[in-house]
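Open the model in your viewer and get ready to click through a few spots. We'll go stop by stop, with something to select at each one.

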Amino acid sequence: IPACHRFHTSVQCCQEAVKENDEGKTYEFQAETRMLLDIVAKSLYSEKEVFIRELISNASDAIEKARYLALQGKPLDSTEATMKIHITTDKYDKTLTIQDSGTGMTKEELVENLGTIARSGSKAFIKQLQEGGGGDPQNIIGQFGVGFYSAFMVAEKVEVYSKSRLPGSVGYCWSSDGCGRYTIEESTDVEPGTKIICHLKLSCREFADEQTVKGVIRKYSSFVGSPIEVNGEQANSIQPLWLMDPKEVSAEQHDEFYRYVSSSYDKPRFTLHYRTDAPIDLRCVLYIPEGKPGLFDLHQGAQGSVALYCRRVLIMNKAENVVPKWLRFLKGVVDSEDIPLNLSRELLQDSALIRKLRTVIQNRAIRFLYDKSRKEAESYSKFFGDYGIFIKEGILSSQEQVEKEEIAKLILYETSALPPTQKTTLPEYIGRMTADQRDIYYLAAPSRELAESSPYYESLKKRNVEVLFCYEPYDEVVFMQLRDFNSKKIVSVEKEMREDKDAV
Ligand SMILES: Nc1nc(Cl)c2cnn(Cc3ccc(Br)cc3F)c2n1
């Protein structure tokens, strides 16, 4: 036991007051630690069920660590059998037990992993939390241990049996009711690793039901690295496609994964599978559906269907802010290690991290689609026919000219330079401009016939100047909003002619 616990002197003791009592030592949490743990246990999470995700994540990390140590040549029976997470439910005792054969905890770690919070400037963190700041408090709550405390959202008592795999370690039993006091004592016949028994509150007894637990695992932990068994039956199985090398993944695997993430029965029209580690760690698989968007999908408020993961663990299954609104037709998974694992819904809303993620994804999606418009003009044109409305919305809703022009690279229009139904992009129009032409011209008309017979068009035709045709009122608004592209003015032929006439 660290010195300060033995000789209880107010100056030295950094952590807990120690009171002797018959069944071993009872510790008190320091005030800050207790405040933070109360926040974690009461308000940090939007849904209580995430405690299962947190405990599984800690168990999985502990197994990963043990696997890593084994690779380092430390003596360890790293047979696959022990590398499982065993979950058992008992409806009669109202308990949920999660056991792992990971590295386990020493007595110090059992105490430290919760106590470190007090030392890592929790006052500032608590203030930030209480002010609801959108900051990224990755330092503390992403850390090992605090997620554990979410168990007290549903448990009136939690027992932790743990034995470290360090040679010569003995097993301990840590127990607490989550109200600031805990006991810790040596315990015999503890397996190496950690076993956590949650004695559920009466109001949370649903988590002693096997089907409920399996449902929560399927929702958040389908892709966790270690096999998870619930009452002896495997409960997670799906391969995290996004972590695989893009070249290794077959079209069939994408079809199956697409159906899983989009809970629909069609296939992906386009698949964007990529990873980057700068400016942020990001692995993602994004799909554009074969099917046309439904009226509901068009709806501004329609929830995106991109799920946000952190290290294979689901954080949010309809992460609205991860992709920009105009890309809400994308479906798939975004996984970033830079997201603190157990951030709640509220904290994720508009954090700087999410904004960075969104920008990276938007730029990559634009580049991907622009490539498609050049390499697969036919399928891109079909895509634009079905989804162009979203892209035009993107131009109208974006705040910066640079971003507007980036998105504008994706729009297709009919043009006087190509036969009817063939379309061009703005960059292609510019590629055909003659040296003396300064502006990009467009003409709004209800149809091609009317456009070509318009007097405005006649004069430009004579001067052999290319004119873009737009038949929807919406398109005209897009051009008026866009104003410039690639430092060329976008000019309506009508206005141009009127000014000339006025000028004459
Ligand atoms: N499963 C597992 N395995 C390992 Cl190695 C660790 C390390 N920290 N934690 C979180 C934690 C921290 C303090 C207490 Br008390 C309990 C608890 F689960 C772990 N959980």
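By class, which residues make up the lining of the second largest cavity: nonpolar, polar or charged? Keep that in mind as we start, and remember that this is a predicted model.

**Stop 1: a cavity**

The structure holds 4 cavities of 30 Å³ or more. We'll visit the second largest cavity, which has about 60 Å³ of space. As for the opening question, the lining has 11 nonpolar residues, with no polar and no charged ones.

**Stop 2: rings that pair up**

Next, show the aromatic side chains. There are 29 aromatic pairs in the structure. Pick out Phe-270 and Phe-368, which form an edge-to-face pair, 6.2 Å centre to centre with 80 degrees between the planes. This pair links distant parts of the chain, since Phe-270 is in strand S11 and Phe-368 in helix H11, 98 residues apart.

Move on to Phe-329 and Phe-390. Their pair is tilted, at 5.0 Å centre to centre and 55 degrees between the planes. Here again distant parts of the chain are linked: Phe-329 is in the loop between strand S14 (313-316) and strand S15 (331-335), while Phe-390 is in helix H12 (residues 377-397), 61 residues apart. Phe-329 is buried, with a relative accessible area of 6%, and Phe-390 is buried with 0%.

Now select Phe-270, Phe-329, Phe-368, Tyr-380, Phe-383, Phe-384, Tyr-387 and Phe-390 together, and you have one aromatic cluster on screen.

**Stop 3: charges over rings**

Select Tyr-274 and Arg-364. The charged end of Arg-364 sits over the ring of Tyr-274, 4.8 Å from its centre. For another example, go to Tyr-161, where Lys-195 lies over the face of the ring at 5.6 Å from the ring centre.

**Stop 4: salt bridges**

Side chains of opposite charge can pair when their charged atoms come close. The count for this structure comes to 23 salt bridges. Select Arg-269 and Asp-386, whose side chains meet in a salt bridge (2.7 Å, N to O). That pair links distant parts of the chain, with Arg-269 in strand S11 and Asp-386 in helix H12, 117 residues apart. Both Arg-269 and Asp-386 are buried.

Then try Arg-328 and Glu-393, which form a salt bridge with the closest N and O atoms 3.0 Å apart. Arg-328 is in the loop between S14 and S15 and Glu-393 is in helix H12, so the pair ties together parts that are 65 residues apart in sequence. Arg-328 is buried at 7% relative accessible area, and Glu-393 counts as buried at 12%.

For a contrast, select Arg-438 and Asp-439, whose side chains meet in a salt bridge (3.3 Å, N to O). Asp-439 counts as buried, at 4% relative accessibility, whereas Arg-438 counts as exposed, at 62%.

Technical notes
Residues are numbered from 1 along each chain as its sequence is written. This is a predicted model: local features need pLDDT of at least 70, side-chain atom pairs count only at pLDDT 80 or more; totals for chains, interfaces and linings use all residues. Side-chain values use heavy atoms; hydrogens and water are left out. On a 1 Å grid over the protein atoms alone, a cavity is a set of points where a 1.4 Å probe fits but cannot get out, and a pocket is an open set with protein on both sides within 12 Å along at least five of seven lines; lining residues have an atom within 4 Å of a point. Grid points are joined across faces, edges and corners, and a volume is the space filled by probe spheres set on the points. Ala, Val, Leu, Ile, Met, Phe, Trp, Tyr, Cys and Pro count as nonpolar, Asp, Glu, Lys and Arg as charged, and the others, Gly among them, as polar. Rings of Phe, Tyr and Trp (its six-membered ring) pair if their centres lie within 6.5 Å; planes under 30 degrees apart count as stacked, over 60 as edge-to-face and the rest as tilted. Helices (H or I, at least four residues) and strands (E, at least two) are DSSP runs, numbered from the N terminus. Buried means under 20% relative accessible area, exposed over 50%, partly exposed in between (1.4 Å probe, protein chains only). A charge sits over a ring if NZ of Lys or CZ of Arg is within 6 Å of the ring centre and within 35 degrees of the ring normal. A salt bridge is a side-chain nitrogen of Lys or Arg within 4 Å of a carboxyl oxygen of Asp or Glu.
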